[in-house]
Amino acid sequence: MTTSTNSQEVINFGKHKGTALIDLDRAYVRWLLKQESLNGDLRKSLESLPWVKEVQRRKELAIALQRTHIPLSERRAFKRRMGWVGSR
């Protein structure tokens with residue numbers, strides 16, 4: 001589903017055909033990753049994008065923090081210390 005051009009992967013279908021994966025709109029990448037029928041190689045390539053890795057890491061941390069039974073105010077303080085306040 002992607003082709004490699006000068007070591008940069010390019011999506012080869014749809015409206016964004018010919019666009020480098022790194023240049024795709026984030027909303028489009030999130031939508032693609034939700035598709036169950038997405039090609040495995042394309043899924044791996046999208047998941048390896050730096051911002052996608054960061055989003056996944058933050059989700060995992062949020063789930064872990066919820067399981068620790070740390071009060072919400074302390075979780076917010078931790079996020080503030082990490083510089084994540086207001087980030088999504």
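Student: How many salt bridges does a search of the whole structure find?

Tutor: A salt bridge is a side-chain nitrogen of Lys or Arg within 4 Å of a carboxyl oxygen of Asp or Glu. Searching the whole structure turns up 2 salt bridges. This is a predicted model, where local features need pLDDT of at least 70, side-chain atom pairs count only at pLDDT 80 or more, and totals for chains, interfaces and linings use all residues. Residues are numbered from 1 along each chain as its sequence is written, and side-chain values use heavy atoms, leaving out hydrogens and water.

Student: Which residue forms a salt bridge with Arg57?

Tutor: Glu54 does, with the closest N and O atoms 2.8 Å apart. Both sit in helix H3 (residues 50–67), 3 residues apart, so about one helical turn separates them. Helices (H or I, at least four residues) are DSSP runs, numbered from the N terminus.

Student: What does Glu54 meet in the salt bridge of 2.9 Å, N to O?

Tutor: The side chain of Arg58. Glu54 and Arg58 are 4 residues apart in helix H3, so about one helical turn lies between them. Shared partners join Glu54, Arg57 and Arg58 into one network of salt bridges.

Student: Where does Arg57 fall by relative accessibility?

Tutor: Buried means under 20% relative accessible area, exposed over 50%, partly exposed in between (1.4 Å probe, protein chains only). Arg57 has 38%, so it counts as partly exposed. Glu54, at 29%, is partly exposed. Arg58 is partly exposed too, at 26%.

How values were computed. Helices (H or I, at least four residues) and strands (E, at least two) are DSSP runs, numbered from the N terminus.
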